[in-house]
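Biologist: I am new to this structure and would like to know what stands behind the terms used for it. Could we take them one by one?

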Amino acid sequence: MKTANIPTVKLGVVAVSRDCFPIALSTDRKNRVCGELAQSGVDAYNCPTTVENEKDMEKALEEVRKAGCNALVVYLGNFGPETPETLLAKYFTEGPVMFAAAAEDAADKLCNDRGDAYCGMLNCSYNLALRNIRAYIPPYPVGTPEEVAGMILEFIPIARCILGLRNLKLITFGPRPQDFLACNAPIKCLYELGVEIEENSELDLFASFNAHAEDERIDAVAEEMAKELGGANKIPEILKKLAQYEITLEDWIEGHKGHRNYVAMANKCWPAFQTEFKFVPCYVNSRLVEKGIPVACETDIWGALSEYIGICASEDEVTLLDINNSVPSDMYQKRIEGVYDYAQTDTFMGFHCGNTPITKLKKADMRNQKIMARTLPEEYTFGTLEGDLTPSDITFFRLQSTADAGLRAYVAEGEVLPVDTESFGSIGVFAIPEMGRFYRNVLIGKNYPHHGAVAFGHYGKILFEVFKYLGVEDVAFNQPKGMMYPGENPFI
């Protein structure tokens, strides 16, 4: 997915060296790491200054800033100087910082060219904690140049997420719908994460929409929609209204993102929306997600934030779905049992009215919204994108503020099964190992709402590290059999 709505990471790599160790050892090892990165296609800035003292630290920071770096790797090629190396992280305010250390090269070098970075990393982590400095340290941060380069490649999407949030504005329209208290969470933590928020009335949106009624761009956007939908367009008469709405949102984004580079949206989409706009916004929301701009349904602010994190982590489209309904026994027995290694409680259906990008649906149709059509004129409910999700690996996740303005998150990997849903909306049959226990002990047990963000692929490792970097202490996951949740009944 090509989008201007997520950051481009420009890495700098700085070697550090304790002055009683050979400086060349650290410098040479760093050069080998940068060589491995270059072979992987990563154009990292190889900082020429190897840091031994605080003056070196200032010089290195000046060099990486001049090179335009917005993420930094501090590399302990030997034991490393505890104060200067941690001050690098303290004063590099442009973006996130990673620490890694060199493994020893060979047995015949353990006398004159032993680096002791394995030991130095311990002191480094202790000093980071003393200074309350947040940094990314890989699961096992000591390795050969090839292994450290691999760690840095995993750091890039983490850095992209952190940079994105620091430059994000979250724009909303309307309060959460009545009886959707689960989508209502405090916004204080957004500011603590570095996110700006602009909350607007539905009336503001409606006025802006009406002001675009004669916009000369409408016909071209409607034609673009018709081409994308092809035979899936069951209600072509609605396209000009949808095009007008899409232009309205894009103009609002451009006019209101202010000093921020990136935007996500959380917009109210019922019940008054249909009677006043006389369509549903689902398809337009799906198109904006294709452009890298998530638009969460039902003014779900934390859902929109989660979607944006997913786009940064995966560089791909995402969606926001209800953790919606159980898989019927007859469907499970006929199409899943004995074919896939999942218990019925491992399965569920993820659904939303029609916000999932067309690229992630097996066969899409743009139709009316079935649930809303039960209480509204059918023609007011045109504009939803329906279809079964394409089978793929997935990661279900969410970052959420608690009622008392704390942060918690969950991450669960699974898949969309190639099983026909026989239902409506943007929907799929999901399977997540031990979902039943996860549903009870995490989703219910920790008071999560019914909305979850979905990334199309396995990104659990990245997302887990992103949430840790953000300071989220409670990051839950679908625990395997034999691994009990706190408070889980052991007699079941």
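Modeller: Gladly, and please keep in mind that this is a predicted model. Let us begin with pairing: two strands pair if DSSP finds at least two bridges between them. By that rule, 5 strands form an open sheet in the order S2-S1-S3-S4-S5, with parallel pairing.

Biologist: How do you know that strand S1 and strand S3 pair?

Modeller: Strand S1 (residues 11-16) and strand S3 (residues 71-76) run parallel and are joined by 6 bridges, and because the rule asks for at least two, they count as a pair. Within this pair, glycine 12 stands opposite leucine 72 in S3.

Biologist: What makes S2 and S5 edge strands?

Modeller: Strand S2 (45-46) and strand S5 (142-143) each have a single partner strand, so one side of each is left without a neighbour in the sheet.

Biologist: Why is a set of residues called a nonpolar core?

Modeller: The name requires buried residues of the nonpolar kinds, such as Leu and Phe, joined through side-chain atoms within 4.5 Å. The largest such core has 67 residues, of which Leu11, Leu305, Leu399 and Phe467 touch the most other members. Helix H5 (residues 145-166) gives the most to this core, with 12 residues, and at least three residues come from each of domain 1 (9-163) and domain 2 (166-475).

Biologist: Which residues does leucine 305 touch, leaving aside those up to four places away in sequence?

Modeller: Leucine 305 touches Leu165, Leu168, Leu170, Leu190, Leu193, Val195 and Leu399. A second, separate core of 56 residues includes Trp252, Phe277, Phe396 and Met435.

Technical notes:
Residues are numbered from 1 along each chain as its sequence is written. This is a predicted model: local features need pLDDT of at least 70, side-chain atom pairs count only at pLDDT 80 or more; totals for chains, interfaces and linings use all residues. Side-chain values use heavy atoms; hydrogens and water are left out. Buried means under 20% relative accessible area, exposed over 50%, partly exposed in between (1.4 Å probe, protein chains only). Helices (H or I, at least four residues) and strands (E, at least two) are DSSP runs, numbered from the N terminus. Domain bounds come from an automatic or database domain assignment. Contact means heavy atoms within 4.5 Å.
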